[in-house]
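Keep the structure open as you read.

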Amino acid sequence: MERFLRGVFTLVLLASICPQLIAQNQTISGKVVDATDGTSLIGVTIMVKGSGQGASTDIDGNYRINASNTDVLVFSYIGYKTVEIPVGGQSTIDLKMESEVSELEEVMVVGYGTLRKREITGSITKIGGDELQNVQAPSFEAALQGKAAGVQVIQGSGLAGSGSVIRIRGIGSISAGGDPLYVVDGIPITQSQFTNVSRNGGAMNTNPLATLNPNDIASIEILKDAAAAGIYGSRGSNGVILITTKRASSKGNSFNFSSKAGISEPVAKAKMLNSEQYLQLYQEAWENDGNVGRATLPGGMTWEEIERRNIDTDWWDQNVQTGFKQEYNFSWTRGGEKLKTYFGISYSDNESYLVGNSYDRASARLNADYILSTQTKLSSSLSYSRGNNERVNAAWSGGLGDAMSTALPIYPIYNDDGTFWVQSGVPNSVRQRALTDWNTVDTRIIGNLNISHSLPNGINLRGGGSYDYFKSNDDKWEAGELVGRNDIIGQAYANITEVDNYNANLTADYTFKAGAGNLKVLVGSEYQQSVRSAVTGKGVTDVSEQLRFDPIVGENGETFGGTPLQDEVTKFISFFSRFNYNVRNKYFFQATLRTDGSSKFGPDNRFGFFPTVGFSWFASEEDFLQSVDAISLLKFKINYGITGNSDFGANEFIGTYQRQGPPDQNGYGFNPILYPTKLPNPDLKWETTSNFDIGFEAGFFNDRIIVEFDYFRKLTSDVLAQIALPPQNGIDNSVFENVGEISNNGFEVSVSTVNISNGDFEWATNFNISQYKNKIESIGNFSEEAVSGGTNDTRVIVGQPVGTNFLVRFSHVDPQSGRPVYLDIDGNETFDWDPKDRVAVGNVLPDFTGGITNTFTYKSWNFSFLFVFTKGGDIYDSSSKRQLGVVTTWNMREDIFDRWRQPGDIATYPRLTLDTETYGSGTPWINTDLWLHDGSYIRLRNVSLTYNLPQVIDLVKSASVTFSATNLLTFTNFIGLDPEIARDFEDPTDRNMSSNITFLTPPQERTFNLGININF
């Protein structure tokens, strides 16, 4: 008892001498969990209110902090309601945090971390993975169409596995890549459409993105401006698309199975001439040229044979089918105290409407998170996918392209004896398909391992490494008779490409009190190395089975002429930081700093610096707006920054040379003769873009109406362009240069409304529209002839958009003679077509683009439909130069019925002729703006009807059945097949400059699908 009284006296004495002593020595501890499922919350910030003292929870949700009895602890966590708890006399404070339902508290994935939507000062659009499921597309990125303002998505074609052209707020380059950077779970992945050596073999570009399984995607964040994408520095100019895959988030086991099946058909059929019509027009052209009697027909055909056999081949029908599609997905999610895993497998087989063309993909994914200790967590992702594209020739390469060009209806498929009809130089697509076996197998492995560690002082460390492996085997076999060799069974070709992409990064972040607000600091470093190796070869075989071979030695020991290509090695090293400052939860400041070094540039220009700053203000939090009931949200933002673009080939700054012949046969004085094939450019440097963005976000009537508006201006300097050298240089090649400036400026608007919300029925609308103007401000000392796109259809012209059509202007058809009348460079009418009269014509950019989605929910039913639209934007229908011009060995379209036939006729198309000299060009390929058409269209992109089945057994948590249709209706005045086009491209220059040109491109596909989804 005496010892107890003595201890009490001592404590009272100490408290009277130093009242702060108890406060300084008191330690508060506890655990923070989710109020719904009891999951430990990692990284919750605990601050002593009014001071800079703070801590954060560890892997198990535990924390320790020093505080006095009179202090108040503030618990804050992204996506949860902030809680304030007085310490009082407590030494242990446990907390169950409730989720924050406000949209502003939604967690958004940003570069190297996450932020609340409220904290973001830039422009980011988030799209849930479930929004991709009901859109049937060759690859997941096509399903983004119409869902985000400022993001233009043009689906490639109806070919299985084809890619899309995506432009975020315009195009700022000429010869560097114009597509956004794709990042999967923090890994910048291989994405180039020109990865494979074949580039656009068969009139189709490689699409590495087709190997990604859409069912694995949890969310997609599209970073559009500098404040959002600036953290990626030298690769942020074209925007960034962040893909987050699914992970386990709660305890227990759950399973999901989904499947869908459907059919496909082309959205339109080419209206080509039948045999009778073609013969009539061919004879008319023959007689117009002054000939008499029956015309001499192409392909060695005679009038007698055609009449005897009644030949009228519909080559379109011979190449088109009803495609069948099927898909199966299964996933298992398991959440435990220490280990959480997501495992998913998938198989899909997508047959296009083109006979013999399909893309099947098998994939598997394992994502895991493991709590190693109270402060340390491991997370990993591993995915494997294999895509097999059964290829067919298309467009200019054959197949359906032949059906719209050189496959005339007067040509038979078979001889009288049933063998294939063969005529030298004349296509028979049925024969070609039967004697060809061609497939491209893409294998992809993406894996990463990350470790995060929370220090007692609140600093969070994170480090990780990743590996992205991509291999493309492009194998083609053609029967010997097809390649003109009767001494062999067949000939095989192979193009094999491998890309090893390594990445390592280390970051640290810390949140602390700074002045009147909280400052969150992120610093980090990243290293990336990409190695592309390729080999190409061909060989012959005397075995009857198709050859699948390594390009050096075949399956049966044959030796082939395999040619390894020089490896392309690219190295990046980066140092970056991000600062987010929050004052009273209504003033937000952000700054990012990034320095990138790249091996693509010479020693003097290896490094570039890319800073950004941003600010946002929640005016609706101010007192003067609190009493305005109609306004529930009003946020203003402004930001500026510099981003870059280095998406072009390795070693472009280095000159190359070639030896002339074997050294023992050539040379001067026993020295080999070398000649340059590419000039060096040691001064090649970064292409940089300055970005300015200003906008606002407003919510009305408790956010029943939300409006977002952004105005942006981008100015790209030191534009990377592949310049064609004039002949006097003695080098038949081109060189990369930094030339001039390109500007993009425009606006984008998004409107979300809840139109009706009444008990069982709800109707919501999402609408977006965007417009931008692209202009080449300067191309230095070069002329518009320095860079061309497509088949010389577009040019770089100061004051015009990138890839402007440079053509002779067509005036009209002369009513008396039926000859075409052109305009010379001064606007004077002339019958003579002269390339010197070419001028900038048309507008390659649409006036605006957008989409509108309506969603209706009634009890267990959900119905939605998406319209996408494009107003303006001229399309150059390059194939119509032969389909509607001079009569040649091409078939023609029914549009040719509007032609001149006799004096006095007012017609769209000139008098028919077989003489290519008649129009003064010496060639039927006359480029004029007669073939330039308005590309405006409205398309019912997607329709979806879902019924949620009632729960019958406890095992099944939920189940639904969905019917969906894609590209159901199209409204357009475009006279070609499809106003949504993205032809095959030769290189990035072609892709940037000729996206508005079509040449026998297969139209999009229309699909109908029925699917089921079960959770248990």
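Start where β41 meets β42 (residues 820-823): the two strands run antiparallel and are joined over four bridges. If you want a pair to click on, take His 812, whose bridge partner in β42 is Val 821. Bear in mind that this is a predicted model.

The largest nonpolar core has 62 residues, and Leu 400, Ile 410, Tyr 411 and Ile 896 have the most contacts inside it. Our strand β41 (809-813) turns up again here, as one of the elements that give two or more residues to this core; α4 (275-288), α7 (400-403) and β44 (839-841) are also among them. The top contributor is α4, with six residues.

Beyond its neighbours within four places in sequence, Leu 400 is in contact with Trp 316, Asn 319, Val 320, Tyr 353, Leu 354, Asn 393, Pro 1002 and Pro 1003. There is also a second, separate core of 23 residues, including Ile 127, Val 135, Ala 148 and Ile 166.

Finally, which residues make the nonpolar surface patch of about 560 Å²? They are Tyr 858, Trp 861, Phe 863, Leu 945, Phe 963 and Leu 1010. Of these, Tyr 858 sits in strand β45 (residues 846-858). Tyr 858 counts as partly exposed because its relative accessibility is 41%.

Conventions
Residues numbered from 1 in each chain as written. Predicted model: local features only at pLDDT ≥ 70, side-chain atom pairs only at ≥ 80, totals over all residues. Heavy atoms only, no water. Core = buried A, V, L, I, M, F, W, Y, C linked by side-chain atoms within 4.5 Å. Buried < 20%, exposed > 50% of the residue type's maximum accessible area, 1.4 Å probe, protein only. Contact = heavy atoms within 4.5 Å. Pairing = 2+ DSSP bridges. Patch = residues over 30% accessible without salt bridge, like charges linked within 9 Å, V, L, I, M, F, W, Y side chains within 5 Å. Areas by Shrake-Rupley, 256 points an atom, 1.4 Å probe, with all protein chains shown as cover. Salt bridge = Lys/Arg side-chain N within 4 Å of Asp/Glu carboxyl O.
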